[in-house]
Amino acid sequence: MSQTKDVEYTVTEPPSIDVVLEKSQKSLSENLSQNESDPDSDPCTDPTVDRMSNMSQQLSRTAVSVREMYKSLYRARVHSNTESILIITKARDNHLVLCTRELSLWLMTRPRPGRKRGLIVYVDEQLKTSKRFNVAGMKEEHPHLFEPTSKDTAKNNTNQCLASDEGQLRFWNSDLCTKSPSLFDFVITLGGDGTVLFASWLFQTNVPPVIPFSLGSLGFLTPFKFEDYKTTLSHILDQGTRLNMRMRFRATVYRAIDKIDPAIARRRRKLIESSTEDVVIRNIKNRGWCSIEMESGADANDTQIPVDNETDYFRTRPVESIEFLNDLVVDRGPSPYVTMLEVFADDIHLTTAQADGLCISTPTGSTAYSLSAGGSLVHPNIPAILMTPICAHTLSFRPMLIPDTMEMRIAVPYGSRGNAWASFDGRGRIEIKRGDHVLITASPYPFITVSPEDIKSPWFDSVSRTLNWNQRKHQMSFRPAKGKDKKHKVLSKGGGEHYGTSTNDSDNLQHPTENTEGNAPEEDDDDDTHDEEEEDFDIDDGTPSGAQSRTSLWGGTPAESRKASLSSCDFSSFPTMTPLNSLSHYKGKSSLPSSGLISPDRYGPSGPPPPPAPLSDRHLAAVDFRLQSRLNDEAARSQD
């Protein structure tokens, strides 16, 4: 690898990938040394938990440094002196094995300027005996690929990959990825989103830049097409690339210390049985989590526990730490009961979750299990922790976004009916017993991926491409009238119909003569044109109701229908209604309605139906008993 140096990340002076990884480690070391030298940073007075508190606070601050690094790298092209590439694929998938063989041969035989040989390729050690990968056939066809790389390497070159007795084709396992992540300049994944998550699982510290090719089912995290791998990789290796840094979270599992003195164990059991409030929550409110969490490997027998301090009866110690890219799921497991989980943000008790479980996801994981549980879509650049309940037994428990600078803890109280189970990116399922808890903080090791050049916003593209976000058939719009002099059907004053030109000037409105014979007006010869004109109409509620001459909706002529309806009800108690039965209503006005047409009234030619008559006292008395009493009194007085 190239020699690293501290440079400013700009577009004109981009860093190498080695500098990116080195600066991340340097920032982490500086924050650690600064926190350890600051005695005022710990809110606890107990000296035995000083270091643990400082570590927790430092891990919370790493989110800020990772975001600053991302801002520096954004839109800056990163170059690297690439020597070795790791390929991750499914060794049991026959199609992917053949794709891995094709890609490996192309990388190893691809000529490079100033180099005698191609790249060093690491593949899964399970492919060493695969018949489809056929290592023996590759050795017969290309024997020079299996010659030691140290022959073509200068003596002063200290590169660990080049100064080796192995050939260009090598095999990796999980231990090699964990112990020596700096061996690989790039990681290529052939598969789906699960293969990308497996790459994050392999590299729990520094992650080489990942180039994900889509050969799976969904492909949310895999924007590159395998059919174009030659063009894509040639551009990345020769001209550099842009990196996308995704925040990962760190989950630390704390176990309750069981190896304690029998007298202390009895005292702890009595405290749990006698306390109406959860004793752990009460102690955290008083002294904070730093008084309970101990260092790794610590035991309660090593410390003298004061009799008057009940906090020390419930101390915990970390047993495992895992970096996850998608989500942490804490659920009830095989237990038939609803799990009870205490949720904390820093030292603040947020809530007691009574549900099937909780999903704590990163912004990257907001499109995975959290989305299925009803969580929100969160852009990867938003610094937040997404908490989504799984089948909560309450209507008010909604998903919540928490700043990633806070420390989040999920604890199983001693009063829970059963234990809980935790899984990290769908792997490493472990049991969380009563008294245990999980600490979630921002990880100092982000997950670095290569961003495609032809897509400006890969995340929005993935949401639309894979999830079909908000995609539906468009609503059909109203068809506008074609042409200014379009014919419209106009209802005449006397009852006839004709086709006239609609204008906004009332003086130009053509009024037909009355159709005494009742014949239909002359129609156009073209039936299609007539159908189109029938659909083009304009309704104006201000048009007088009497401007039409059609059969009433209630039967008979308009005059007969109105007369019959008026004679059936008493309107003495209502204001007089003056019907508009002619176009004289518009005399003296500047223009007709905005459409220029006299459209039919929505109630028909007879106008709106008359309002119902007022209810009698007899009907109202059936509703109000007080009116019934008054009627009875009036009836009694009338008899007297």
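This is a predicted model: local features need pLDDT of at least 70, side-chain atom pairs count only at pLDDT 80 or more; totals for chains, interfaces and linings use all residues.
**Entry 1. Confidence**

Residues are numbered from 1 along each chain as its sequence is written, and side-chain values use heavy atoms, with hydrogens and water left out.

**Entry 2. The sheet**

I looked up an open sheet of 6 strands and wrote down its order as 15-14-13-10-17-18, with antiparallel pairing. Strands here are DSSP runs (E, at least two residues) and helices are runs of H or I of at least four residues, both numbered from the N terminus; two strands pair if DSSP finds at least two bridges between them. Which strands stand at the edges of this sheet? They are strand 15 (400-403) and strand 18 (427-432); each has a single partner strand, so one side of each is left without a neighbour in the sheet. Neighbouring strands of the sheet are turned by 20 degrees against each other on average, direction ignored; the axes are lines fitted to C-alpha atoms, for helices over the stretch in contact, and angles run from 0 to 180 degrees between N-to-C directions.

I then followed the pairings. Strand 17 (residues 420-424) pairs with strand 18 in the antiparallel sense over 4 bridges, and Trp-421 has Glu-431 in strand 18 as its bridge partner. Strand 13 (residues 357-361) and strand 14 run antiparallel and are joined by 5 bridges; Gly-357 stands opposite Ile-390 in strand 14. Strand 14 is also joined to strand 15 by 4 bridges, again antiparallel, and Ala-384 has Pro-403 in strand 15 as its bridge partner.

Is strand 14 enclosed or open? I found 7 of the 7 residues of strand 14 (residues 384-390) buried, so the strand is largely enclosed by the rest of the structure; buried means under 20% relative accessible area, exposed over 50% and partly exposed in between (1.4 Å probe, protein chains only). Ala-384, Leu-386, Thr-388 and Ile-390 point one way, Ile-385, Met-387 and Pro-389 the other way, and all are buried. In a regular strand the side chains alternate between the two faces of the sheet.

I placed Ser-361 in strand 13. Ser-361 counts as buried because its relative accessibility is 0%. Beyond its neighbours within four places in sequence, Ser-361 has contacts that include Asn-326, Asp-327, Ile-385 and Leu-386.

**Entry 3. Aromatic pairs**

A search of the whole structure gave 9 aromatic pairs; rings of Phe, Tyr and Trp (its six-membered ring) pair if their centres lie within 6.5 Å, with planes under 30 degrees apart counted as stacked, over 60 as edge-to-face and the rest as tilted. One of them is Trp-106 with Tyr-229, edge-to-face at 5.7 Å centre to centre and 90 degrees between the planes. This pair links distant parts of the chain, with Trp-106 in helix 3 (residues 94-109) and Tyr-229 in helix 7 (residues 229-239), 123 residues apart. Trp-106 counts as buried at 17% relative accessibility, and Tyr-229 counts as buried at 4%.

Another pair is Phe-184 with Phe-203, edge-to-face at 6.1 Å centre to centre and 80 degrees between the planes. Both Phe-184 and Phe-203 are buried. I also noted one aromatic cluster formed by Trp-106, Phe-213, Phe-224, Phe-226 and Tyr-229.

**Entry 4. Arg-417 and the cysteines**

I located Arg-417 in the loop between strand 16 (408-411) and strand 17. Arg-417 counts as exposed at 65% relative accessibility. Leaving aside neighbours within four places in sequence, Arg-417 is in contact with Tyr-337 and Arg-434.

How many disulfides are there? The count comes to 0 disulfides, a disulfide being a pair of cysteine sulfur atoms within 2.5 Å. Cys-99 counts as buried at 6% relative accessibility, whereas Cys-391 is exposed, with a relative accessible area of 58%.

Definitions and conventions:
Contact means heavy atoms within 4.5 Å.
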